[in-house]
Amino acid sequence: FRTFKDPNPSCQSRIAELVQEYPIKSCAVISHIRQANRGGVNLENTHPFTRELWGRYWTFAHNGQLTGYDALDTGRFQAVGDTDSEIAFCWLLNQVEAKYPKPPQDMAEAFAFIHQCCERLRQLGVYNMLLSDGEYVLTFCTNNLHSITRRAPFGCASLIDEDVTIDFQQETTPNDVVTVIATQPLTNNEQWHKMQPGEFNVFYFGEVVYQAQA
């Protein structure tokens, strides 16, 4: 994972300009615009957060507010900032490492365990999550997550809040599967799937490979 973070608003961010002009190609991307309900507005509290587990970088972003998170045992995964999100992430990785000190042979079993951990965090408040190791993208919904999967033949998508239309046929190959997960639908000419409370999904190269419901 390469991480680009800036506590400044995106409309004023030179980092955002860099990413916009930088021709990055990636199989997994996590992007987050922070509302800053917990913790100050600074670089330490800016999503996404990244930690190492099993020799791989894991990157995490959270939407929502939690209570009682100060009591979570994060083990060796110490928070740098003071957000509920980063503490929840560190706790989650600590739980996974305690259960699986080494990479599990059965990833479906590990995904089921991560889902259980997400359910525990949901008991503390609103917990909408994106989590990725650069290969898999894991999502968990408490109240607001939507997804859409695009595949060939690709069409055009019109953004809701900007007069912009994207021709995905010009940006993809016929073999690509492109899934986007967002808090709210981003386009007005496509059918988005609204995830249900407790819904947990694992995506691999755009396809759902594991799914569970509370």
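## Basis

The model is predicted: local features need pLDDT of at least 70, side-chain atom pairs count only at pLDDT 80 or more, and totals for chains, interfaces and linings use all residues. Residues are numbered from 1 along each chain as its sequence is written, and side-chain values use heavy atoms, with hydrogens and water left out.

## The sheet

Strands here are DSSP runs of E, at least two residues, and helices are runs of H or I, at least four residues, numbered from the N terminus. Two strands pair if DSSP finds at least two bridges between them.

Strand β5 (residues 146–151) pairs with β8 over 6 bridges. T149 stands opposite T179 in β8.

## Aromatic pairs

The structure holds 10 aromatic pairs. Rings of Phe, Tyr and Trp (its six-membered ring) pair if their centres lie within 6.5 Å; planes under 30 degrees apart count as stacked, over 60 as edge-to-face and the rest as tilted.

F60 and F89 are stacked, at 4.7 Å centre to centre and 10 degrees between the planes. F60 is in strand β2 (residues 56–63) and F89 in helix α2 (residues 84–99), 29 residues apart. Both F60 and F89 are buried (under 20% relative accessible area, 1.4 Å probe, protein chains only; exposed is over 50%, partly exposed in between).

F60 also pairs with Y127; this pair is tilted, at 6.4 Å and 35 degrees. Y127 lies in the loop between α3 (107–122) and β3 (128–132), so the pair ties strand β2 to a part 67 residues apart in sequence. Y127 is buried.

## Aromatic cluster

One aromatic cluster is formed by F111, Y136, F200, Y204, F205 and Y210.
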